[in-house]
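Please look through the model below with the sequence beside it.

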Amino acid sequence: MNNPLRKIIHCDCDCFYASVEMRDDPSLRGRPLAVGGRADQRGVVATCNYEARRFGIHSAMATAQALKLCPELILIPTNMEKYRTASRQIMDIYRDYTELVEPLSLDEAYLDVTDSPHCKGSATLIAQEIRRRIFETVGITASAGVAPNKFVAKIASDWNKPDGLFLVRPDEVDAFVAALPVKKLHGVGKVTAAKMNGLGVDTCADLRSWSMAKLQEHFGSFGARLYDLCRGIDYREVNPVRERKSISTEETYTPDVPDLPACLALLPELMEHLQGRIKRSNAEKFINKLFVKLKFNDFQQTTVECVGYAPNLAIYTHLMETGWLRASRPVRLLGVGVRLGETEQVEQLSLFDERATH
């Protein structure tokens, strides 16, 4: 339920990968820095520091475009092992205060500290202590939001970034959310926000004048969620176990893969990587579908999937052929994966169920 007495913290580190790199090489501080793939290999920016953001650079931007915006940008390749080490330290700190920790990424998590005995039960003091310990232990800064629910806590953590803390008390939620632009609502992207603005809705206060029926008429099943969010209502619990829905591996190729035989020749290596990931996740018994993903050189993307219970080269070959024939052109990205069910699979079927996403 939407318990006004719940104490939720959303905590994440400020430009995590970039912060770790600046910690290890202080000469990078104060200079525009991005962590990601090389421009000549169609790389993208994974994270950038605040100096780089002033040039309009952001995560998921093509590295080539980032370098056009800021020619003096320093680009560092990702070092996942180093970030995972920092992540383990951060998550251990979170779990010192509550078992109810829901990780969202390597550095970001929700914490439910409603029943935590630490810091005299004060969520604000716990958040302050967590931030101090991350700085002392890991050597990077973190920001936190404290609120009665996940939605408001996540927005609050962004309020005083970087290296900030923001508290929204239960009696402040209504006014805090009313003033928010609709683009801040969880699930509202640029397209939906533009649609709302076109309908005269700019803030959550504007959205509150709409009935549930009108919201559902314009936004489908998402309308009911919007009805709650614009009022600061969020019933979601902090879930310490995040269910994995799929495991996959994909590769971007430079130059493009020219034809179907060349795509099929790459399948065994992709499948080998996938099997390693499945084994490390102990997910073998939960596989219920196999899929392939292709992104063509015109950026059209398609996915083909079928029922299956273990990676199988013959089935992946069939799926790859089906997907490639939808565009019959050079390919820039190939991926193979499995979808996971919640229960172990005990019977095996071989029914094809092909779906495309364009």
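In helix 1, the residues that count as buried are Phe16, Tyr17, Ala18, Ser19, Val20, Glu21 and Met22, where buried means under 20% relative accessible area, exposed over 50% and partly exposed in between, with a 1.4 Å probe and protein chains only. Helix 1 is thus mostly covered, with 7 of its 9 residues buried, and the elements that cover these residues include strand 1 (8–13), strand 2 (33–36), strand 3 (45–48), strand 4 (74–76) and helix 4. Helices (H or I, at least four residues) and strands (E, at least two) are DSSP runs numbered from the N terminus. The model is a predicted one, in which local features need pLDDT of at least 70 and side-chain atom pairs count only at pLDDT 80 or more, while totals for chains, interfaces and linings use all residues. Residues are numbered from 1 along each chain as its sequence is written, and side-chain values use heavy atoms, with hydrogens and water left out.

Helix 1 (residues 16–24) packs on helix 4 (residues 80–95) at an angle of about 100°, with the axes 10 Å apart; axes are lines fitted to C-alpha atoms, for helices over the stretch in contact, and angles run from 0 to 180 degrees between N-to-C directions. Helix 1 is therefore roughly perpendicular to helix 4, given that angles under 35 degrees count as roughly parallel, over 145 as roughly antiparallel, 65 to 115 as roughly perpendicular and the rest as oblique. On the helix 1 side, Phe16, Tyr17, Val20, Glu21, Arg23 and Asp24 meet Met80, Lys82, Tyr83, Ala86, Ser87 and Ile90 of helix 4, contact being heavy atoms within 4.5 Å. The residues of this contact divide into 7 nonpolar, 1 polar and 4 charged, with Ala, Val, Leu, Ile, Met, Phe, Trp, Tyr, Cys and Pro counted as nonpolar, Asp, Glu, Lys and Arg as charged, and the others, Gly among them, as polar.

The protein as a whole has 13 helices and 12 strands, and 43% of its 358 residues count as buried. Among contacts between residues at least 6 apart in sequence, 64% join residues at least 24 apart.

Most residues other than glycine have a negative phi, and most peptide bonds are trans. The peptide bond from lysine 161 to proline 162 is cis, with omega near -10°, and proline 162 lies in the loop between helix 6 (150–157) and strand 8 (165–167). Threonine 254 and proline 255 are likewise joined by a cis peptide bond, with omega about 0°, but proline 255 is found in strand 9 (residues 246–257). Alanine 60, although not a glycine, has a positive phi of about 75°; alanine 60 sits in the loop between helix 2 (50–53) and helix 3 (63–69), and counts as exposed because its relative accessible area is 61%.
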